[in-house]
Structure formats: C-alpha cells, structure tokens
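This report describes a protein chain shown below. Please read it alongside the sequence and the coordinates.

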Amino acid sequence: MKYDGYIQSSDYEDLYFDIIQPNIINLNLLFAGFKPVKNKHYLELGFGMGRSLLTHAVSNEGHFVGTDFNENQVAFAKNICEQAKISNLTLYADSFEQLLERFRKMRAKGEEVSFDFIVLHGIYCWVNEENRQIILSIIKEFLREGGVVYISYNCLPGRATNMDARHIFKLYSQNENTENFDKIFSFTEKFAQLEPENTINKNILDTINTHRHSHPIYRIHEFLCDSWYLPYFSDMAETMKKLGDLNYICECVLAYHFKKFTPKQENFLAQINDVIFKEQMKDFILNKRFRYDLYGKELLKLSDKQIDDYLFYTQFVLLDYPTSHTFKDCEENLKWAYIELISRLENEDFTPKSAKTLMMGIDINQRVFFSLLINLMTLNLVGICMPNTTRKIDEVKFYNHSLLKNQKLSEEYIFACALTGGGISLDSLERAFLNHYFNENQMNLEELFERIYQNENFHFNDANNQACKDRESVFTQLSLHYKKFLRRLPILMKLEMF
C-alpha cells in the first residue's frame, strides 16, 4: 500500500536525528553569521515514529507540532506523548494537503498559525510532485519572518550512480509483487554480472554492496517509493527562492563549517562570487549524495563582534568520557587540546562552561578551538547548553523514567536532556545498569549479570576481540562495562536527566 508515492506497507525505523534540534540549528546559524532564532513554534513535517519530535518537545520550551500520514506511526508517538505527559506537543495524522487546509482554516478563524522552525528530514525526495508543491505552500504561508527551514534530501551529482540500480529494484518489485530485497538484489546482481566491467553495471553492483546489510525497512523506503526525486543543490535553492524572501543560509552540519578543501580547490572556488554557484561547485568536488540545508526568511545578519559575543558566551557540557582509542590517530598537539578540553569540562563537578572559559590559556586560534569543540560534539562527548525551566527538567525526568520502565532489556535508546535541548544515547548495557541503579531492591548486580548473560541479544568480546563463550568471561566483560557506566553516571545525574 502506498500514499501519494510514499511507502506505507511498513512503518519506518524508530530513529533520532539531533541535527533538527533547535539549538543545533541555531549554532549552525551562528557559524554562518546569523542571529539564532527564538523557538516559540516548531513544525516537523513527516515525523516518522516521532522519536526526534518527542525528544525535542519534552526537552525545550515553545510549542511543537508535527504530522505524519502513517497512522500507525502517529499512534505510536501519541501513546508515548500521553504516557510521558508532554504538555507542549500537538500531533496530527494529516497528509500534507490536510495539514495545509487545517492551518488555513485555523488562520481564517483568527488563530495564530506560524512557525519559527519548519523541518523535514528525508521527506522531500520521496513524495510526489503534488506533495512537494503542498510542502512548499506550507513553508510559504506559515513560516514567520525571522524563521528558518531545515530540509534534507538526496541530491546530484553523488546519487546519480544509484539511479539505474534503483530503477531495476523498483521494476522487479512491481513485476514480482515483492519487497524482499534478497530476491531483488539477486535478480539485479545476476543482470549486472553479465558484463561486470560495464560502467553502469559497476555502479549497480556498488549500490547492491553498499546496501546489502542496510536495515530492510530503510531499503524499502529508500528505493521502492513511486517518487525518487533527485535535484542538484542549485535547483533546490532556486525552488526555495521562488517562495519569496527565503534565502540559503548554510548546510546544517556543524563540521561542514570547518571543512577544508585542497589549496588547488580553494583557489578555484575563490573566483566564484555567487553563493549558490560556489556551493554547487563544492558539491561537485565532494560528489555530494545528500544535503542538509537551512533556508532563512529575513534573518538578522550579525557583525563579526556580535558573532564572537554569541559564540564565546555559548555554554558546553560534558556528555561522556572518551575511550582509550578516541584520539589515537590525532596529532600530539591536538590530542593534548582534546584531553585538556575534556578535563576542563569535567572540573567543578561537570558544571557547564562557556567557550570563553574553555579557551582561556589554550594556545590555539579561535577557528581551531571551535573545530575541536565541534568534533567532540560529533563524537557525542560534548553538548551545547541552553537555559531551561524547572518544569521542563521535571518533564524530562518523568519522560526518561517512563522510557526506562517500558523498554526491552537489549534496546539502545535515546533519552531526553533539558540541559542540551536534545537526545542523548544510552546503549543497551548502560540502560540496563541505569534501570538497576534506580531499582536496586528488585535485583542484585549478579542477578542482573546473569539475566544479561542469558539474553541472546547480548554478545561480548574479550580484550583480544574474541567472542566470549563462557559465563566467567562474559561476567568479566560485564564488570568492565559496569565500571565504565559508574564513571559516566555522575555526568548523567548532573545533566538532570533522571
């Protein structure tokens, strides 16, 4: 069953995307030279299972709204929302057309309907042209002045190599009435092996090998939709510009602000003055396959001094400790700087620190300093801080405890954090240990280890990376993991997550 070109025969994966949390978007705006957007109203189009929207709503002030036309997914998100008593979230099971009509009727009745943030992640390329136009109408009519749009999509030139494979996947699926990718890959691979040195067939085989071990649901949603729209960035920028006063700001990837090109590439790019043209040529250099774009409506441009003021007074907090391998391949001076930053964030009982405080006395320039901080954020070791109310902290704690209570032992999960305004991942062992920590009277530690040992979903390797096969070696590894958890526990408690 499909809905306007989009697969509805299976629910999408339950995934979290930190890239669409308001403070991450705002940090990208700062690096691009624009004033952060204050979140009063936030809209997510096509929220899937709702993990990102639920996490961001419970972690942030402002009102959050989302729609998804898969009723199972909406029911799943609504159930969590009701159980966790999230007070600032409205969920709809509307198609984009229904949502547009709903908003128009609300506005006609005199209700205020406008948004500071409109986000859609992995939606635009997989719906038909009619729905793409409706999405653009929602943005045009309901984005506030001073608001920002996040839109991610498959793009050319990089995705061009997947087009032939995807076309065969789709034809086989339709003709054989199957979504079984073992069969789809087998048929397509046999075809490509007829002339494996042919350029087209090489690309087909590369596509199969790249996605052979991808999640089955991802493969269905990625390749079997009726619509698979592939724009160049410049085409997308032109489309957004036609909406009026909506300009490209930057790619919403923090590390991309510090992306280095070769001197030869930099010299070539320097001759191009037009922002869109230059960005498109970067995509050709990088052979971009997917983009995460931010567009702004009459955003306020900041002076260099204003940017510095915002950045240096932004606060950061430690989320986790690095492992012995994290900085193994770094240059010695950078390794020292990373370790020093971790140490400073650890000081004073993990109290959040401003960038200005963290940089004090470190002999590196501002650009390198922020690139190091962003790398630590990318590694999920450091988070950006934001002010929040006691009410939101209490809501987050209630939400997280409800997740702890309801999830299966072996599941990795995203928990909310009001201090960062986003989600923090705890692996399945950390979650099991945390559950034990809060319910110690129900089971002692050895009983928990035994329960984990008996669970077929857990697998452990020893120090030589060999699979642990007996009870004693598994318990040894569990003890090491538990010590690591106890080291992280004070950080989690300081983050006021539980």
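## Basis

The structure is a predicted model.

An open sheet is built from seven strands, in the order 5-4-3-6-7-9-8, with mixed pairing. The edge positions are held by strand 5 (89–92) and strand 8. Each of these two has a single partner strand, so one of its sides has no neighbour in the sheet. On average, and with direction ignored, neighbouring strands are turned by 20° against each other.

Strand 3 (residues 41–45) and strand 4 (residues 63–67) run parallel and are joined by five bridges. Across this pairing, Tyr42 faces Phe64 of strand 4, standing opposite it. Strands of a sheet pair through backbone hydrogen bonds, in either a parallel or an antiparallel manner.

## Helix 2

Helix 2 spans residues 51–59, and nine of its nine residues are buried, so the helix is largely enclosed by the rest of the structure.

## Annotated domain

The unreviewed UniProt entry places the feature "domain: Methyltransferase regulatory" at residues 220–295. In the model, this span is 43% helix and 16% strand. Its end C-alpha atoms lie 30 Å apart.

## Aromatic pairs and cluster

Searching the whole structure gives 34 aromatic pairs. One of them joins Phe181 and Phe185 edge-to-face, with 5.2 Å centre to centre and 70° between the planes. These two residues are four apart in helix 7 (residues 181–192), which means that about one helical turn separates them. Phe181 and Phe185 are both buried.

Another edge-to-face pair is formed by Tyr248 and Tyr295, at 5.7 Å centre to centre and with 65° between the planes. Tyr248 belongs to strand 8 (residues 246–251) and Tyr295 to strand 9 (residues 290–297), so their pairing ties together parts that are 47 residues apart in sequence. Both tyrosines, Tyr248 and Tyr295, are buried.

One aromatic cluster is made up of Phe433, Phe449, Tyr453, Phe475, Tyr482 and Phe485.

## Charges over rings

Arg471 lies over the face of Phe475, 4.2 Å from the ring centre. Phe475 is also a member of the aromatic cluster. Elsewhere, Lys288 has its charged end over the ring of Tyr256, at 4.5 Å from the centre of that ring.

## Cysteines

How many disulfides does the structure hold? It holds zero. A disulfide is a covalent bond between the sulfur atoms of two cysteines. The cut-off applied here is a sulfur pair within 2.5 Å.

For Cys155, the closest cysteine sulfur is that of Cys125, at 8.1 Å, which is too far for a bond. Cys155 is buried, with a relative accessible area of 0%. For Cys225, the closest cysteine sulfur is likewise in Cys125, but at 10 Å, so this distance is too far for a bond. Cys225 also counts as buried, at 0% relative accessibility.

Conventions: Residues are numbered from 1 along each chain as its sequence is written. This is a predicted model: local features need pLDDT of at least 70, side-chain atom pairs count only at pLDDT 80 or more; totals for chains, interfaces and linings use all residues. Side-chain values use heavy atoms; hydrogens and water are left out. UniProt positions are given in the numbering used here, feature names are shortened, and annotations may be inferred rather than shown by experiment. Rings of Phe, Tyr and Trp (its six-membered ring) pair if their centres lie within 6.5 Å; planes under 30 degrees apart count as stacked, over 60 as edge-to-face and the rest as tilted. Buried means under 20% relative accessible area, exposed over 50%, partly exposed in between (1.4 Å probe, protein chains only). A charge sits over a ring if NZ of Lys or CZ of Arg is within 6 Å of the ring centre and within 35 degrees of the ring normal. Two strands pair if DSSP finds at least two bridges between them. Axes are lines fitted to C-alpha atoms, for helices over the stretch in contact, and angles run from 0 to 180 degrees between N-to-C directions.
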